[in-house]
Amino acid sequence: MLVSITSKAQRPEWLRAPAPVGDNYRRLKSLIERLDLHTVCESAACPNVGECWNHGTATFMILGNVCTRRCGFCAVQKGAPLEVDYDEPRRVAEAVAAMGLSFAVITSVNRDDRKDGGAELFALTIRAIRERVPGCGIEVLVPDFQGSHAAMEIVMEAAPDVLNHNTETVPRLYRQVRLGARYERSLDMLAYAKQIAPRTPAKSGLMLGLGETAAEVLSVMSDLRAHGVDILTLGQYLRPSPQHLPIVRYVPPAEFDEFRRAGDAMGFAHVEAGPLVRSSYHAAESVAS
């Protein structure tokens, strides 16, 4: 059942992110361009790109920058997917080495055109980083692979340090927010990853401000915990353009604090919650905690 998502909000003064400037930002941008790589930081218009890049961290986006799905919240380009670039894992590893990273985050667009959903490239990228930068921690933020357990096995056999898959929103809003995805399928994939690699932390996240209720958020948090999720991120949805879903409301920091306390009480190992929090925000710190 479709529900109405209508904007009712004006951006508050306290919701501001640093501008993307600085020597490290320019150095990293030059490196990404030279190696012909994509980052979700730029492709998804992340508000933290200035902060993260100036600290020498970035989330690499493999399998091109064109997504086969048309989610209403996402700024990544949609359309016919690009050819798979099998040299991309090597270049990602080169970037990780050049940046001197001790923790790398890898994500991708949805590749529903491929039987494995792109799982093979995730595994190749993990192994390329391990070979080039031994000891570097690796988090992978994967799509749902259309529910393929075989695809999840391919990723987990490469032994990432963290397996992340976002549920994004509450079940009632899925048809508007996550076109082509299913809430139950995402829960199943998270649980399956935990089943085959019980010692690997599982992670998931939600965007708030799309019309969900606090009770719905707490229900999703409970479901995630019941399906083995260890690390949770909660952030404010920010509309990339007028063509994307409107913001129903801006969730104040005090409410994020309440959700963090609720997550701690549910037994999550770490909860990162705040207006500017995104999936890979403070990723290394969330594992260390």
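Helix α6 (residues 149-157) and helix α8 (residues 183-196) pack with their axes 10 Å apart, at an angle of about 45 degrees. Helices here are DSSP runs of H or I with at least four residues, strands are runs of E with at least two, and both are numbered from the N terminus. Axes are lines fitted to C-alpha atoms, for helices over the stretch in contact, and angles run from 0 to 180 degrees between N-to-C directions. That makes α6 and α8 oblique to each other, given that under 35 degrees counts as roughly parallel, over 145 as roughly antiparallel, 65 to 115 as roughly perpendicular and the rest as oblique. The crossing of the pair is right-handed, the near helix being turned clockwise from the far one by less than a right angle. On the α6 side the contact (heavy atoms within 4.5 Å) involves H149, M152, E153 and M156, and on the α8 side D188, M189, Y192, A193 and I196.

A word on the model: it is predicted, so local features need pLDDT of at least 70 and side-chain atom pairs count only at pLDDT 80 or more, while totals for chains, interfaces and linings use all residues. Residues are numbered from 1 along each chain as its sequence is written, and side-chain values use heavy atoms, with hydrogens and water left out.

Now for the sheet. Of the 11 helices and 10 strands in the protein, eight strands form an open sheet in the order β1-β2-β5-β6-β7-β8-β9-β10, with mixed pairing; two strands pair if DSSP finds at least two bridges between them. Helix α9 (residues 214-226) lies across β8 and β9, at about 170 degrees to β8.

Between α4 and β5 there is a loop that holds L101. L101 counts as buried because its relative accessibility is 9%, where buried means under 20% relative accessible area, exposed over 50% and partly exposed in between (1.4 Å probe, protein chains only). The C-alpha atoms of L101 and C136 are 6.9 Å apart, although 35 residues separate the two in sequence.

Overall, 55% of the 289 residues are buried. Of the contacts between residues at least 6 apart in sequence, 75% join residues at least 24 apart.
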